[in-house]
Amino acid sequence: MKKYFLTLNLCAIFCCAVLAQAPSIGQKQMQAHRIVNQIKIDGNLSEAEWLTAKNADNFIQNTPDPGQAPTEKTVVKILYDNTALYIGAILYDSNPDSILNQLTERDELGNTDWFGVALDTYQDGNNGVGFVTTPSGIQFDTKYSALSGGDGGFLNGDENWDAVWNVEARITEEGWEVEMMIPYSAIRFPEAENQVWNINFGRQVRRKRELMFWNEINPAIDGLLNQSGQISGISDIKSPVRLSATPFVAVYAENNYDQNGDPKSSWGRSFQGGMDVKYGLNDAFTLDMTLIPDFGQVQFDNQVLNLSPFEVRFDENRQFFTEGTELFNKGGLFYSRRVGGTPLHRNEVQDQVQIGEEIIENPSESQLINASKVSGRTNTGLGVGIFNALSSQTEATLRNIETNEKRTIQTSPLTNYNVLAFDQNLKNNSYISLVNTNVFRSGEDYEANSTAAVFSLRNKANSYQISGRTALSQKYFTDDTDLGHTADISVAKTSGNFQWSLSYLEESDTYDINDLGFLFNNNERSLDGSINLNRFKQLGIFNRIGAGLWSGLNWLYNPQEFTSYGINMWVWGRTRNFFAFGVRSYFEPIRGYDYFEPRTEDFSYFYRGPKVARFAGWISSDYRKKFALDLEATILLTDEAGRYNTIFEVGPRYRFNDKWSLNWEVEAQNSHKQEGWVYTNENNGEIIFGVRDNISVTNVLNTTYTFNNKMSFSLRLRHYWSKAEYESFGLLDHDGELGNTDYNEFNDRSFNSLNIDAVYRWRFAPGSDIFIVWKNNTSQFDNESGQVSYHYGNSVSRLFGDIPTTNSLSIKVLYFLDYLSLKRK
């Protein structure tokens with residue numbers, strides 16, 4: 001059976017490889033014009049310098065009609081002097097009064113037209129920066145670090161990267177105009193007398209959902225920067241002294257309320273100060289430092305009731321760790337949430353509590369002292385990145401209830417985190433990278449080190465790719481060292497209407513990068529392949545349509561035992577009126593063997609899951625309308641009577657006007673007769689599983705009011721409730737089946753959480769902000785009889801009753817100081 005499915009998949013991939021053909025790439029050329037007189041950035045291209053500059057025009061559609069001339073004309077001009085690059089654009093529109101122009105926060109683009117430029121100054125096709133604006137002058141900037149294409153490729157990348165640049169835009173009788181000033185301090189470029197850069201310009205006419213580029217971006221070709229044009233004529237410019245500091249001050253007031261506490265209400269306040277520093281070590285390398293960082297205004301994590309054997313991965317919301325980290329993320333070894341994250345021994349404190357003691361403080365995060373990173377790229381295309389951070393010793397505090405005597409337990413030592421990355425660009429947008437991570441802990445705790453090598457090789461047409469990765473993990477204990485490894489390799493056709501891939505992965509049972517990385521589980525091998533058929537040009541009522549097939553076989557690394565085999569099929573499309581849809585199905589025709597759910601270290605037990613068939617479908621209406629709706633439904637069926645899983649998602653969104661919008665997302669999950677681990681008897685090794693109903697409901701409400709392109713207010717409210725209710729228990733046997741047991745202890749549980757993040761932001765000067773933030777956290781986990789919330793209505797009412805609540809109000813002021821600006825003054 002396994003050989004049959006694998007042979008079928010490989011045959012399909014081979015057929016697609018024979019049928020597909022590699023497309024070609026063209027490159028437009030343009031000249032920049034040096035100026036002597038200063039340009040006023042006001043969105044009005046009336047200066048004589050603009051009138052004499054050469055044009056970049058004749059844009060080409062990307063969607064809805066790839067390769068065709070756009071319906072609206074666009075003209076772009078480029079000027080430069082010793083300090084900055086100036087970009088002027090005239091965006092003609094046959095109906096200027098119909099230009100869509102929704103106001104949003106910085107780095108967010110709503111229902112609006114936009115224009116942007118992408119710069120690849122080192123011409124490697126992999127790394128660059130993008131600057132985008134709207135008719136209201138909303139600023140959007142991003143850093144490209146990998147090949148990205150398709151409809152949104154121009155807006156992809158590291159959106160957390162923020163540069164200081166200037167732009168003005170205005171709507172005219174002929175359309176709208178843009179005037180940008182991008183100082184050389186915002187970009188990096190080679191040290192050379194004559195500069196030649198890759199460049200491209202993009203524009204969207206939102207009401208027509210028409211996307212166009214100066215140099216054609218063929219949707220059938222993978223990548224964005226590799227399809228750029230070229231600009232020359234820039235000479236005798238130098239990278240300026242890039243030195244800036246952003247000091248900040250923040251004040252906090254916090255109230256904790258617990259109806260059952262003594263006292264019920266308590267207040268706290270704090271004052272924080274620190275600084276972020278950027279310094280250009282030379283024309284290509286930059287040092288970033290954060291001193292005494294403050295992350296008190298960061299958005300809440302999406303906490304969930306976790307019944308799985310794996311850790312929950314949370315997004316990184318701290319700006320220092322999301323901006324400019326593309327080099328460190330190569331190799332899959334760096335998960336920045338480990339830095340200043342959960343103390344190493346936090347979960348062991350309860351085991352050390354003595355009779356008559358209680359825990360009065362057990363911090364969930366380590367205090368970060370400082371963090372710094374150096375990154376850049378040489379003229380030969382070698383990218384180098386160094387990251388280092390230091391977190392302080394963390395302690396839990398216990399108190400003797402009778403004597404009031406306190407003692408502390410160290411939960412994490414003084415810890416240093418380090419990442420070193422090398423990334424060499426090669427021909428044809430290829431690269432090879434080497435990344436090393438190291439965690440050093442003072443005292444007797446172990447150290448950890450991981451090293452990965454990654455490569456991606458492409459042919460000249462950028463149509464075929466072979467990529468791979470290998471990594472070694474090491475954990476150094478006093479008397480021993482744990483070694484583990486992983487390796488994967490894939491070959492793929494990445495361009496054209498027909499695309500395919502074939503990949504292999506293995507991870508040893510000792511591979512562990514979780515001291516500074518993230519790995520759900522190790523001990524696996526997998527072989528999978530896929531084929532995709534995409535139609536990028538209009539076909540009947542469709543603008544685009546596609547279909548695909550994936551098949552994958554999985555087994556353990558040690559022992560080499562089969563775990564699962566799956567087949568996935570999908571179809572998607574977008575109609576001419578921009579109604580999008582998709583359907584997909586997934587099958588596991590063979591009962592799986594789950595070696596992780598029993599939670600044994602030696603994998604001596606497994607759980608035999610049922611055969612599975614999952615069907616899903618989604619629709620998305622036209623976002624240009626004031627009201628839009630996203631719907632998705634999933635049902636998972638098994639070969640066991642009464643056992644199924646359903647997921648329903650509803651996402652209405654409404655735009656009241658160009659300043660105010662509201663999005664609401666609702667997700668309801670119901671896993672009926674789900675079987676999972678409950679308890680392991682340490683005395684006799686018996687493993688108890690339970691049959692449970694697990695229901696979860698998530699509501700997320702987002703609303704934003706944007707006063708102008710410098711000031712906004714946003715509110716995010718998330719309510720999450722989940723309950724697990726057990727109906728029976730079984731003893732797991734060595735055949736992976738559940739047998740009879742006398743075990744019948746109470747194991748029901750629920751988690752109820754309400755988080756509110758309200759943020760007022762005013763950018764009162766370039767790079768300088770005032771934030772006023774209100775945060776509310778009302779959360780409780782219950783696993784005792786009489787306390788579990790079994791119904792959604794009950795969970796909502798309890799939010800305003802007996803669940804502890806924390807409210808925080810803070811004001812933070814950041815002021816951007818630039819050496820060159822201060823020097824001129």
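Which residue in S10 does Ala169 stand opposite? Ala169 stands opposite Val178. The model is predicted: local features require pLDDT of at least 70 and side-chain atom pairs pLDDT 80 or more, whereas totals for chains, interfaces and linings use all residues. Residues are numbered from 1 along each chain as its sequence is written, and side-chain values use heavy atoms, without hydrogens and water.

**Overall form**

The chain has 6 helices and 44 strands; helices (H or I, at least four residues) and strands (E, at least two) are DSSP runs, numbered from the N terminus. Its radius of gyration is 29 Å, close to the 28 Å that the globule rule gives for 825 residues, so the chain is as compact as a globular protein of that length. This radius is taken over C-alpha atoms, and the globule rule is 2.2 Å times the number of residues to the power 0.38. Along the principal axes, the C-alpha trace spans about 90 × 70 × 55 Å.

Of the 825 residues, 51% count as buried; buried means under 20% relative accessible area, exposed over 50%, and partly exposed in between (1.4 Å probe, protein chains only). The chain exposes about 37,800 Å², and carbon and sulfur atoms supply 53% of this area. Accessible areas come from the Shrake-Rupley method with a 1.4 Å probe, and for residues only the protein chains shown count as cover. Among contacts (heavy atoms within 4.5 Å) with a separation of 6 or more, residues 24 or more positions apart account for 64%.

**Strand pairing**

Two strands pair if DSSP finds at least two bridges between them.

| Strand pair | Bridges | Facing residues |
|---|---|---|
| S9 and S10 (175–183) | 6 bridges | Ala169 and Val178 |
| S23 (430–441) and S24 (447–458) | 9 bridges | Ile432 and Phe455 |
| S24 and S25 (464–476) | 12 bridges | Ala453 and Thr470 |
| S26 (481–493) and S27 (498–507) | 8 bridges | Ile489 and Tyr504 |
| S27 and S28 (524–535) | 10 bridges | Glu507 and Glu524 |

In a regular strand the side chains alternate between the two faces of the sheet.

In the hairpin of S26 and S27, with 4 residues between the strands, Gly496 takes a positive phi near 95°.

**Two buried residues**

Ala471 is found in strand S25 and is buried, with a relative accessible area of 4%. Leaving aside neighbours within four places in sequence, Ala471 is in contact with Leu333, Thr451, Ala452, Gly484, His485, Thr486 and Tyr511. The C-alpha atoms of Ala471 and Ala487 are separated by 6.5 Å, although these residues are 16 residues apart along the chain.

Where is Ser789 found? Ser789 is in the loop between strand S42 (768–782) and helix H5 (792–798). Ser789 is buried, at 1% relative accessible area. Not counting residues up to four places away in sequence, Ser789 touches Trp721, Lys723, Ser750, Asn794, Ser795 and Arg798.

**Backbone exceptions**

Most residues other than glycine have a negative phi, and most peptide bonds are trans. A cis peptide bond joins Thr63 and Pro64, with omega of about 10°; Pro64 is in the loop between strand S3 (60–63) and strand S4 (74–80). Another cis bond joins Asn558 and Pro559, where omega is about -5°, and Pro559 lies in the loop between strand S29 (542–555) and strand S30 (562–575).

Asn58, which is not a glycine, has a positive phi of about 55°. Its place is in the loop between helix H2 (48–52) and S3, and Asn58 counts as exposed at 59% relative accessibility. Asn428 likewise has a positive phi, of about 60°, and is not a glycine. Asn428 is located in the loop between strand S22 (415–426) and S23 and is partly exposed, with a relative accessible area of 31%.
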